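Here is a short tour of one protein, written to be read with the model open beside you. Have a look at the fold, then follow along.

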Amino acid sequence: MVGCKKKQEQKSLLLYCAAVVKPVLEEVVKVYYKETGIQIDLQYGGSGTLLANLRIAKQGDLYLSADASYMQQAIKYNLIKESKPLVAITPVLAVVVNNPKQIKNIKDVCTEGVRFGIANPDAASIGSVTKNMLVASGDWDTVKNCIYVQMPTVSDVSNALKLKTIDVGVIWDVTANQYKEIDTVKIDFFNEFKEYATVGVLKSSKQEKEALEFMSFLLHNAKSKRVFKKLGYNMY
């Protein structure tokens, strides 16, 4: 009974977390728990999906979006107490390792027999960025007709490449770094669409002090920074 009571009193925070930073957060929250005894419960998804969820739920402690635009929307909806940029991320054209379909540029995704996958532009940051940059380059009207499948998150696109259920997709550079089954094709104009994953404390938090402390740990603690560096993420 004593153990049960102790468990009930354990503090926990709910973090709505974009899939792009899942590998880092999974490690950092374990480090944080060891240091503080505070459990960070992670709810993963596309940035847009998470924003829609927290607008409805009106509960939780932190929101980590894959780019600043979703954080700006959260601020507009009066959901955010304080926010900070966390890591730089850049979209890349990703292919199955060794590039068996010989993809060399974005127009090659329309080659017969090539299965092109993207994240949903209305649900995930990488999907929104994919559409925006292809609209800017003048390729969207053609390429949108060559999409084989749309998926909820960057992780889903990456896993589809890993399993070879698609041949090419647009994902974040830091995500591509996590997979030995994925190579990337250099597309210069993609570099113009660098984004910053951004973390913020929600006004709905009933543990604002603890939420701010975790955000500070995530951004500034040496142990947190080591995890980001180890996994190939460039902190802001």
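A contact here means heavy atoms within 4.5 Å. This is a predicted model, with residues numbered from 1 along each chain as its sequence is written, in which local features need pLDDT of at least 70, side-chain atom pairs count only at pLDDT 80 or more, and totals for chains, interfaces and linings use all residues. Side-chain values use heavy atoms, with hydrogens and water left out.

**The core**

Let's begin with Phe214. Leaving aside residues up to four places away in sequence, Phe214 touches Leu13, Leu15, Leu25, Val28, Val29, Tyr32, Ile40 and Leu62. A nonpolar core is a set of buried Ala, Val, Leu, Ile, Met, Phe, Trp, Tyr and Cys residues joined through side-chain atoms within 4.5 Å. Buried means under 20% relative accessible area, exposed over 50%, and partly exposed in between (1.4 Å probe, protein chains only). The largest nonpolar core holds 71 residues, and Leu25, Leu64, Leu93 and Phe214 have the most contacts inside it. Helix 9 (residues 208-220) supplies the largest share of this core, 6 residues. Another core, of 11 residues, lies apart from it and includes Tyr16, Leu54, Met71 and Ile80. Helices (H or I, at least four residues) and strands (E, at least two) are DSSP runs, numbered from the N terminus.

**The largest pocket**

On a 1 Å grid over the protein atoms alone, a pocket is an open set of points where a 1.4 Å probe fits, with protein on both sides within 12 Å along at least five of seven lines; lining residues have an atom within 4 Å of a point. The largest pocket is lined by 13 residues, and Pro23, Ser155, Thr175, Gln178 and Tyr179 lie nearest its centre. Helix 2 (22-36) and helix 7 (154-162) are the elements that give two or more residues to this lining, and helix 7 gives the most, with 4 residues. Ser155 sits in helix 7 and counts as buried at 18% relative accessibility. Beyond residues up to four places away in sequence, Ser155 touches Ala19 and Tyr179.

Most residues other than glycine have a negative phi. Two exceptions are set out here.
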